[in-house]
Amino acid sequence: MNALTRAGLISLMILAVATGIWLNRTAWRNRRLIWQLQAAVIAGGVGFIAGRVTAGKN
């Protein structure tokens with residue numbers, strides 16, 4: 001793993017922790033929007049992985 005990849009992963013982890021702390025402090029009225037955001041992120045990830053799996057080797 002090179003330094004750029006490692007720095008990117010560390011940045012992503014810091015961003016994930018900061019986002020989790022921020023979302024934890026939001027009001028209960030915004031929980032529905034947060035659930036929709038989570039569903040969109042999960043669906044995007046599943047779609048990305050499915051696209052990578054079904055893509056051709058060329």
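Predicted model: local features only at pLDDT ≥ 70, side-chain atom pairs only at ≥ 80, totals over all residues.
User: What box do the C-alpha atoms of the protein chain fill?

Analyst: Along the principal axes, the C-alpha atoms fill a box of roughly 50 × 30 × 10 Å.

User: Why is Ile34 called buried?

Analyst: Buried means under 20% relative accessible area. Ile34 has 9% relative accessibility, and therefore counts as buried. Its place is in helix H2, residues 31–54. Leaving aside neighbours within four places in sequence, Ile34 is in contact with Leu23 and Thr26.

User: How far is Ile34 from Gly51 in sequence and in space?

Analyst: Ile34 and Gly51 are 17 residues apart in sequence, and their C-alpha atoms are 26 Å apart in space.

User: Why is Leu12 called exposed?

Analyst: The cut-off for exposed is over 50% relative accessible area. Leu12 stands at 51%, so Leu12 counts as exposed. Leu12 lies in helix H1, which covers residues 3–24.

User: Which residues form a nonpolar patch on the surface with Leu12?

Analyst: Leu9 and Leu15 form the patch with Leu12, and together the three have about 290 Å² of accessible area. Nonpolar side chains are joined into a patch within 5 Å.

User: What percentage of the protein chain's residues count as buried, and what area does the chain expose?

Analyst: Of the 58 residues, 7% count as buried. The chain exposes about 5500 Å², of which carbon and sulfur atoms supply 68%.

Conventions: Residues numbered from 1 in each chain as written. Heavy atoms only, no water. Buried < 20%, exposed > 50% of the residue type's maximum accessible area, 1.4 Å probe, protein only. Areas by Shrake-Rupley, 256 points an atom, 1.4 Å probe, with all protein chains shown as cover. Patch = residues over 30% accessible without salt bridge, like charges linked within 9 Å, V, L, I, M, F, W, Y side chains within 5 Å. Salt bridge = Lys/Arg side-chain N within 4 Å of Asp/Glu carboxyl O. Helix = DSSP H or I, 4+ residues; strand = E, 2+ residues; numbered from the N terminus. Contact = heavy atoms within 4.5 Å.
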